[in-house]
Amino acid sequence: MYKKLENEKYLGFYQAIVPTLMIRDPEYINDILRTSFEHFPDRVFLVDEKTNPLDEHLFFIRGNKWRYLRNKMTPLFSQVKLKWMYEEIEKCVDIFDECVDELSDGKDLDMKELLARCTTDVISSCAYGIEPHCLKNPDSELRKAGRDFFDPDKINMLITILRFSIPRLLLWFKVKTVSTKINDFFLATTNKILHLRRSTGVVRKDFVQLLLELKEKGTVEIDTTEIEKDETYKESPNEKIELTDNLLAAQSFVFFLAGFETTSTTLYFTFYLLAKHPEIQERARKEVLQVKAKYGQFTFDSLKELKFLNNCIAETLRIFPSVPVLNRECMKDYTLPDGTVIEKGLNVLIPTLSLHRDPKYFPDPLEFKPDRFENPPIRGTYLPFGDGPRICIGKRFAEAVMSSLLARSLEKYRFELSPMNKCTDNLKLNPKVITSSPLHGLVLRIHKVNDSN
């Protein structure tokens with residue numbers, strides 16, 4: 001539809017029985033996500049917290065509950081707090097490095113599961129304060145829970161379709177969107193950790209500790225002298241929301257799910273693209289070695305100097321954005337610049353993947369060209385984390401994990417494509433899952449950098 005009506009700024013279609021407006025024009029997109037956000041503050045998802053307590057998280061909730069919780073949780077993801085948690089990220093990257101060292105023998109390897117286990121370890125350590133075990137034990141409870149949740153079976157696919165097209169149907173029939181097994185596991189795990197922290201007074205550098213501080217003090221302490229220019233902390237609305245243990249569990253749940261799956265898949269694509277373009281890989285490695293020589297080791301601050309490597313990640317997210325579409329619901333009538341009125345209640349869809357691959361904004365869109373990001377793209381054309389007040393709250397955390405792991409890997413290892421790959425051009429995405437994922441495995445061969453062979 002995006003390609004068919006390339007000269008239109010927007011178009012209408014139906015998702016099942018729900019009329020939806022697709023916005024194609026970057027100026028209109030920027031207006032909806034940022035300038036006129038008060039008209040489009042909510043996503044189309046609806047939540048029944050009694051039937052599905054783990055759905056009551058920042059990605060789904062709406063209205064004043066979202067505003068209150070977002071304002072309260074924003075400091076948890078400030079640069080200051082990420083630097084505080086970086087030590088835990090590094091521990092997991094150390095273990096990943098050990099695993100890659102054992103596999104760097106030039107044999108064919110699909111890194112998908114290894115990366116998923118690594119990012120699961122990172123999230124379990126930084127979110128729950130659980131010592132990482134997935135890299136050493138692929139059948140750990142957290143890894144099995146993540147694997148089960150993203151299993152593209154028919155039930156999960158149907159629930160995903162209903163979330164977008166007829167969300168009220170899920171409420172009317174009280175459909176469980178998360179299996180009882182996963183629901184019970186995450187609620188029990190979070191409640192157990194919260195109880196342990198309260199009863200023992202143990203303090204750990206992780207997300208749960210910040211959530212506890214938020215509940216007990218009503219705010220998270222930050223050093224305002226270290227806040228970046230684009231980090232703002234507004235006063236919460238007058239309506240106060242009770243921060244129950246289940247509400248805290250839901251935030252940990254979405255931090256886990258969103259963090260491990262999207263981060264591991266982006267890394268999976270990045271390793272593949274670097275292997276496919278050895279000259280780009282070598283350029284990134286040279287930068288990594290220079291930064292390592294300057295600092296002696298990779299630190300949280302040193303990651304900011306990996307400009308080309310971060311451009312490689314940005315370019316991967318352009319070609320393969322984790323979430324291929326964004327959606328909003330119009331909460332009060334809004335008039336587009338051309339005079340067209342979007343009525344209250346209408347669903348609005350923003351086609352991220354199509355925008356990212358539009359040659360009008362990104363020439364040769366399927367080519368891997370990290371240098372595109374030497375200059376910022378046109379606003380409204382590049383949205384891997386969304387934009388505006390509802391931009392992904394974990395953006396900086398994901399970027400820190402990816403740049404840290406890639407830097408450590410490129411320092412020591414060289415990655416090349418295996419002839420076993422079914423397709424080396426124009427990779428097809430799996431249509432059965434909502435996040436971008438390759439239809440076929442991406443097979444690499446790993447060599448140690450100092451190995452002359």
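I began with the charges of the protein chain: the mean positions of its 66 positive and 66 negative charges lie 2 Å apart. Lys and Arg count as positive and Asp and Glu as negative, with His and the chain ends not counted; each charge is placed at NZ of Lys, CZ of Arg, CG of Asp or CD of Glu.

I noted that this is a predicted model, in which local features need pLDDT of at least 70, side-chain atom pairs count only at pLDDT 80 or more, and totals for chains, interfaces and linings use all residues. Residues are numbered from 1 along each chain as its sequence is written, and side-chain values use heavy atoms, with hydrogens and water left out.

I then looked up the confidence (pLDDT, the predictor's confidence in each residue, from 0 to 100). The mean pLDDT of the protein chain is 90, and 94% of its residues reach 70 or more. Over residues 223-233 the pLDDT is below 50, and this stretch has 17 contacts in the model beyond near neighbours in sequence. A contact means heavy atoms within 4.5 Å.

Is Ala398 buried or exposed? I found Ala398 buried, because its relative accessible area is 10%; buried means under 20%, exposed over 50%, and partly exposed in between, with a 1.4 Å probe and protein chains only.

Leaving out residues up to four places away in sequence, I recorded that Ala398 touches Thr263 and Phe385. The C-alpha atoms of Ala398 and Glu343 are separated by 36 Å.
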